[in-house]
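Biologist: Let's go through some features together. I'll ask how to read each one, and you show me the case.

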Amino acid sequence: MTADLHSVAAEALEAVSAAPDLAALEAVRTRYLGRGDGELTSFRRGLGKIPDPDGRRQMGQMVNELVQRVGDALDERQRAIERNARAQSLEMEALDLTRPAPPLRRGRLSPVTLAAREIRRIFGLLGFEAVDGPEVEYDRYNFTLVNQPPGHPARDSQDTFYIDDWRLLRTHTSPVQIRSMLIRGAPQRVIVPGKTYRRDHDATHMPMFHQVEALCIDEGIAVSDLKGSLEFFARSFFGASSVLQWRPHHFPFTEPSLELELACVVCHGSGCSVCKYSGWLELLGSGMVHPQVLRNGGVDPERYSGFAFGMGIERAAMLAWGIPDMRLLYDNDVRFLVPETAIDGPSERSAP
Ligand SMILES: [Zn+2]
């Protein structure tokens, strides 16, 4: 019996030191020291069978000592496992205050911002002052005063974000023409880059996009001033060797109206899918300010005349840098917005 007792105790101590974690340790405790049926504690039940009282007492003492020793070993092992776990988690959470900070990746300006700045710079050379107006605009300023009276197709709620019967998100920057005329009168030269909104979303349309608008009013302003200014702009922006052509067009707020086209930057005029095989890309709409629009802005059309133009800034950026999908401009894809070499400012770009 003594030999059995010692070998079970030795086995228990070995199991204790081999237990890798608290769960294994608990299993060892139950197996050897379990109340009543533990492999070690159950030796107590056999004590009654020992006839000699001295032998019984000695054996009882020995069982108690070994139970105590295994119990101590279990407690010691438990403390060691807990200490280890704490040290490990401290090591994992260690904060090294002397480590240098990771390098900061500098962002780049969006192509839309770069294009808007460049357009402002070029028109600044021609004496145009940059102004802006509210993005939440009165229906009257957005439509009626720029010759789009109630019933005009552009006022369709399919195309316009109305806020209530009177107000909307401006669909173009043209209401700023009226505001600027009412504030500055004549003569004046302003350029209006800003956000505009329409209910549209596909590869070439966004519900929010940027437009730039210019208005020049003075005595004796003629179509030649319009053509000279806008050709200067187009060659400064798209490159000195850009091939341009004018086409007659129609806009409600100008008369006559002209559209400026750029020879396709992809196929150089021979025809491709980008230019829909026409060889030309529509660049901007322009014209001589309609006398009624001048009158709506409080300017006397008998004395003054003016020209205006409007253009999508996203479209200008796409044409200048060959960006195939407008959604790329707004997807926040860092590979696109922070390229190593792909996009540089317009002034650093070589002529097409
Ligand atoms: Zn083409």
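Biologist: How many residues apart are arginine 235 and glutamate 231 in helix α7?

Modeller: Start with the helix repeat. An α-helix has 3.6 residues a turn, so residues three or four places apart point the same way. Arginine 235 and glutamate 231 are 4 residues apart in helix α7 (residues 223-238), which means about one helical turn separates them. Helices (H or I, at least four residues) and strands (E, at least two) are DSSP runs, numbered from the N terminus. The two side chains form a salt bridge, with closest N and O atoms 3.9 Å apart. That term means a side-chain nitrogen of Lys or Arg within 4 Å of a carboxyl oxygen of Asp or Glu.

Biologist: What are the ground rules for this model?

Modeller: It is predicted; local features need pLDDT of at least 70 and side-chain atom pairs pLDDT 80 or more, while totals for chains, interfaces and linings use all residues. Residues are numbered from 1 along each chain as its sequence is written, and side-chain values use heavy atoms, with hydrogens and water left out.

Biologist: How many salt bridges does the rule give?

Modeller: The count is 14. One of them joins glutamate 129 and arginine 184, with closest N and O atoms 3.8 Å apart. Glutamate 129 sits in strand β1 (residues 129-130) and arginine 184 in helix α6 (residues 175-184), so the pair ties together parts 55 residues apart in sequence. Glutamate 129 is partly exposed at 42%. Arginine 184 is partly exposed at 33%.

Biologist: Which residue forms a salt bridge with arginine 247?

Modeller: Glutamate 261, with closest N and O atoms 3.5 Å apart. Arginine 247 is in strand β6 (residues 244-251) and glutamate 261 in strand β7 (residues 254-263), so this pair ties together parts 14 residues apart in sequence. Arginine 247 is partly exposed at 42%, but glutamate 261 is buried at 7%. Salt bridges can also form networks here: Glu11, Arg31 and Glu39 are linked in one.

Biologist: Where do the buried residues of α1 fall?

Modeller: Take the helix itself first. Helix α1 (residues 2-18) has 17 residues and reaches 24 Å from first C-alpha to last, close to the expected 24 Å. The expected span is 1.5 Å times one less than the number of residues. In α1, Leu5, Val8, Ala9, Ala12 and Val16 are buried. Down the axis of α1 they fall within an arc of 100°, so they line one face of the helix. The arc is that of the directions from the helix axis to the C-beta atoms. On the other side of α1, Ala3, Glu14, Ser17 and Ala18 are exposed.

Biologist: Now the metal. Which residues coordinate the zinc ion?

Modeller: Count N, O and S atoms within 2.8 Å of the metal (3.2 Å for Na, K and Ca) as donors; water is not among the atoms, so sites may look incomplete. Here the SG atoms of Cys264, Cys267, Cys272 and Cys275 coordinate the zinc ion, at 2.2 to 2.3 Å. In sequence the donor residues are spaced C-x2-C-x4-C-x2-C. The site is tetrahedral, with angles of 104 to 114° among its 4 donor atoms. Cysteine 264 and cysteine 272 are buried.

Biologist: What is the phi of histidine 268?

Modeller: Know the background. Most residues other than glycine have a negative phi, and most peptide bonds are trans. Histidine 268 has a positive phi of about 55°. Histidine 268 lies in the loop between β7 and β8 (280-289) and is exposed at 57%. Lysine 276 has a positive phi near 50°. Lysine 276 also lies in the loop between β7 and β8, and is exposed at 70%.

Biologist: Which residues does the cis peptide bond with omega about 0° join?

Modeller: Alanine 186 and proline 187. Proline 187 is in the loop between α6 and β4 (188-197). The bond from glutamate 255 to proline 256 is also cis, with omega near -5°. Proline 256 lies in strand β7.

Methods. Four donors count as tetrahedral if all angles lie between 85 and 135 degrees; four count as square planar and six as octahedral if opposite donors are over 155 degrees apart and all others between 65 and 115; anything else is irregular. Buried means under 20% relative accessible area, exposed over 50%, partly exposed in between (1.4 Å probe, protein chains only).
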